[in-house]
Amino acid sequence: MPLTTNEAAQTLRDIARTERRSANAYGYRASSPHLILWGLIWAAGYSLSYARPQWGFVWPVLVSGGSIAGFWIGWRMRPVSKTGFDWRFAATFAAIVLFVIALFAVLPPHTDIQAGAFFPLLISLFYAISGIWMKANRLLALSVAIAALTLFGFFELPAQFELWMAVVGGGGLILGGIWLRSV
Amino acid sequence: MDLPNAIIHQPVRLKIMAALKPLPQGEPVEFVRLKAIVGATEGNLGAHIATLEDAGYVAVQKDFHANRPRTRVSMTTLGRRAFEDYVADLRSIIGAAGA
């Protein structure tokens, strides 16, 4: 018996739903190790900023190491059909670095915790944009959690902000990464 | 119009193909993950994957990972084309009705 219009439309909706679910699961699996990596970096960086505020080299070293590790993870998890290096990853990373340099030149942070709050909020924005475009609710939830925890620490616990971000921010990212893997 | 591709036009096989379609070309997905996305039992899923494999629409790879047996499934080029044709057939049914 031939398909009716309604059956065809319903089948197309089912296909779209399953495709989105699969694409989200694939995206979550790809994001998970990066979240765990940066959770560890946040935990180490904010802990050291809190305990040894005079060690200004901590964040540049950790961020450089984390970026290299992030590229390595991305390379290892690249799709089987991708054989060459995708320059868009490096270009995106360079664009973000240049944006932050330009932003801080125009609007320099006046305190350490302003700079410490800026990057989590920037990451939260990336997760929000990804979640909206991919219709990925878990990324949206992570975005809201990162932003809310950062703002709470910034306004309510300014004296312990780094410690707060080390434990709650770093721990939250690690738990978030594990949560994404469970899909 | 007759039924579109009868191999794909079965609820579980349709979900398997829809789950594999958004992945990059040739990218495999683990059986357990596919089971979670499709929402089928292990035996049922295995049987339908075998049907799709016989048709040449999916490829099955079995290996050991971390000392555990692992089964991964990927969509073949033939399968991708068949699925795209299937979706086009569905769209043409809706389009023909709306014309």
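In this predicted model, Ile101(A) is exposed, because its relative accessible area of 54% lies above the cut-off of 50%. The residue is found in helix 3 of chain A and belongs to a nonpolar patch on the surface. In general, nonpolar side chains of soluble globular proteins tend to be buried together.

**Surface patch**
- Together with Ile101(A), the patch is formed by Phe71(A), Trp75(A), Phe85(A), Trp87(A), Phe89(A), Phe93(A), Val97(A) and Leu98(A).
- Two elements of chain A, helix 2 (58-76) and helix 3 (87-106), each give two or more residues to the patch.
- Helix 3 of chain A gives the most, with six residues.
- The accessible area of the patch members together is about 990 Å².

**Largest nonpolar core**
- This core holds 33 residues, of which Ile16(B), Leu34(B) and Phe83(B) touch the most other members.
- Contributions of two or more residues come from helix 1 (5-51) of chain A and, in chain B, from helix 1 (11-20), helix 2 (31-38), helix 3 (42-54), strand 3 (68-75) and helix 4 (77-98).
- Helix 1 of chain B supplies the largest share, seven residues.
- Apart from neighbours within four places in sequence, Leu34(B) is in contact with Ile16(B), Ala19(B), Val29(B), Gly39(B), Leu45(B), Ile49(B) and Val73(B).

**Second core**
- A separate core of 17 residues has Ala117(A), Trp164(A), Leu173(A) and Leu180(A) among its members.

Terms used: Residues are numbered from 1 along each chain as its sequence is written. Chains are lettered from A and ligands numbered from 1 in the order in which they are written. This is a predicted model: local features need pLDDT of at least 70, side-chain atom pairs count only at pLDDT 80 or more; totals for chains, interfaces and linings use all residues. Side-chain values use heavy atoms; hydrogens and water are left out. Patches are made of residues with over 30% relative accessible area and no salt bridge: like charges are joined within 9 Å, nonpolar side chains (Val, Leu, Ile, Met, Phe, Trp, Tyr) within 5 Å. Accessible areas come from the Shrake-Rupley method with a 1.4 Å probe; for residues, only the protein chains shown count as cover. A salt bridge is a side-chain nitrogen of Lys or Arg within 4 Å of a carboxyl oxygen of Asp or Glu. Helices (H or I, at least four residues) and strands (E, at least two) are DSSP runs, numbered from the N terminus. Buried means under 20% relative accessible area, exposed over 50%, partly exposed in between (1.4 Å probe, protein chains only). A nonpolar core is a set of buried Ala, Val, Leu, Ile, Met, Phe, Trp, Tyr and Cys residues joined through side-chain atoms within 4.5 Å. Contact means heavy atoms within 4.5 Å.
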